[in-house]
Structure formats: structure tokens, C-alpha cells
Amino acid sequence: MSNDAASTVLRPFDPDGGNDQPAEALEAMIAKIEGEVADLQFTRFTNDDAVALGQLLVQLGVGRNLPIAIGISKPNHILFRAALDGATPDNDFWLEAKSRVAARYLSPSLLIGLQARRNGGRYEDNPMADPSTHAAHGGSFPLYIRGVGPVATVTVSGLPQLEDHRLVVEALRTFHAAEGL
């Protein structure tokens, strides 16, 4: 590979990185997450599905020795909750705060945080954003029913935000394929 070709390779955007990252990397990550939203549409999502998805996330977490908390909820209704070894009470705050953002904006919490970073902003700069109750950090993903819209959220807390997001997406893809939804 020539030096010119190497210099055109775009490094992935790091949501925990500084503002000196290329705008193209930010836009590429936003587009990727929007694609995940389009791909991960379900035909149904029942309470039993919430338990099965939660158990899948527990299996992934235990198998990888991840210190995570997992939450799946509908508005005002917790469908599944677990805390694996290493998770702390702080993870409960993050589960709720990230889930509130995903439910409020009907989009993954990471996507909301990234969209706010366009033009150098941050979600926390919005005067309507209350950081004591809402967190636009990766790890919460709405569960979309095709033709209906979001009906619940699945949230993971305990890892860096991009890893939380990726774990949720991995579980959703696995669950979606296994259940034929």
C-alpha cells in the first residue's frame, strides 16, 4: 500500500475521543448506526422475547467475563434486568439514563450523542438535556417493530460506550437471526 493510500484510510470515529477527529469519520459512524436501525426491525417483540434477549446478553457477558448490567424495558415497565459480576450501582444509573435518551428520541443513545457532536456540539449543551437523568452515550437501542416503531429499549452498561453499543447490536443481530424475526 502506498503512503497516499494509507493516508486516505479513515479511522473509525471514537465517541470518547476529542473534537479533533475528522467530520467524515463522525458521518460514517452515524450512517453505520442508521443502517443498524434499518436492519434491526422486528415483526414482534413480546415479554418472552425480552427475557430471551436478556438471557442472550447474559450468556455473552458471562462468556466474556464482562462487568455489565443489562436492562430491557417498555415505558414504565421493566421486562428484564441483570447485573453480572463486576457491575456496580452506577451501572443502574447509566442503564436508566441511556434508556431514557433512546426512548425519548426513538433512536439509539449513541446515535443521539453523535448527532449532537456535529459542528462541535454535545448533547449536554442542549438546555433541555438533564445530565442527571439522561445520557446520550452508547449502549441503549430501541426495539423497533416493522410498521409500528419502537416499543421498548435494550440497554447495556459497564463497558466503554462504543463497546456497550456493539454488544447490544451483536445480541440484536443474533436474536433477530435465531428467532426469524
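How do α2 and α6 lie relative to each other, roughly parallel or roughly antiparallel? The points below answer this and then turn to the pockets.

1. Basis of the note. This is a predicted model, in which local features need pLDDT of at least 70 and side-chain atom pairs count only at pLDDT 80 or more, while totals for chains, interfaces and linings use all residues. Residues are numbered from 1 along each chain as its sequence is written, and side-chain values use heavy atoms, with hydrogens and water left out.

2. Helices α2 and α6. Two packed helices are described by the angle between their axes and the distance between the axes. Helix α6 covers residues 161–179, and its axis is 11 Å from that of α2, at an angle of about 30°. Helices here are DSSP runs of H or I with at least four residues, strands are runs of E with at least two, and both are numbered from the N terminus. Axes are lines fitted to C-alpha atoms, for helices over the stretch in contact, and angles run from 0 to 180 degrees between N-to-C directions. The two helices α2 and α6 are therefore roughly parallel to each other; angles under 35 degrees count as roughly parallel, over 145 as roughly antiparallel, 65 to 115 as roughly perpendicular and the rest as oblique.

3. Residues between α2 and α6. Met29, Ile33, Glu36 and Asp39 of α2 meet Leu162, His165, Val169, Arg173 and His176 of α6, where contact means heavy atoms within 4.5 Å. By class, this contact has 4 nonpolar, 2 polar and 3 charged residues. Ala, Val, Leu, Ile, Met, Phe, Trp, Tyr, Cys and Pro count as nonpolar, Asp, Glu, Lys and Arg as charged, and the others, Gly among them, as polar.

4. Helices α2 and α5. Helix α2 (residues 23–39) also packs with α5, at an angle of about 150° and with the axes 10 Å apart. That angle makes α2 roughly antiparallel to α5. The contact joins Leu26, Met29, Ile30, Ile33 and Glu34 of α2 to Leu110, Leu111, Leu114, Gln115 and Arg117 of α5. Its residues comprise 7 nonpolar, 1 polar and 2 charged.

5. The largest pocket. A pocket is an open set of points on a 1 Å grid over the protein atoms alone, where a 1.4 Å probe fits, with protein on both sides within 12 Å along at least five of seven lines; lining residues have an atom within 4 Å of a point. The largest pocket has a volume of about 330 Å³, a volume being the space filled by probe spheres set on the points, which are joined across faces, edges and corners. It has 23 lining residues, and Ser73, Lys74, Pro75, Ser99 and Thr153 are the closest to its centre. Helix α4 gives the most to this lining, with 6 residues.
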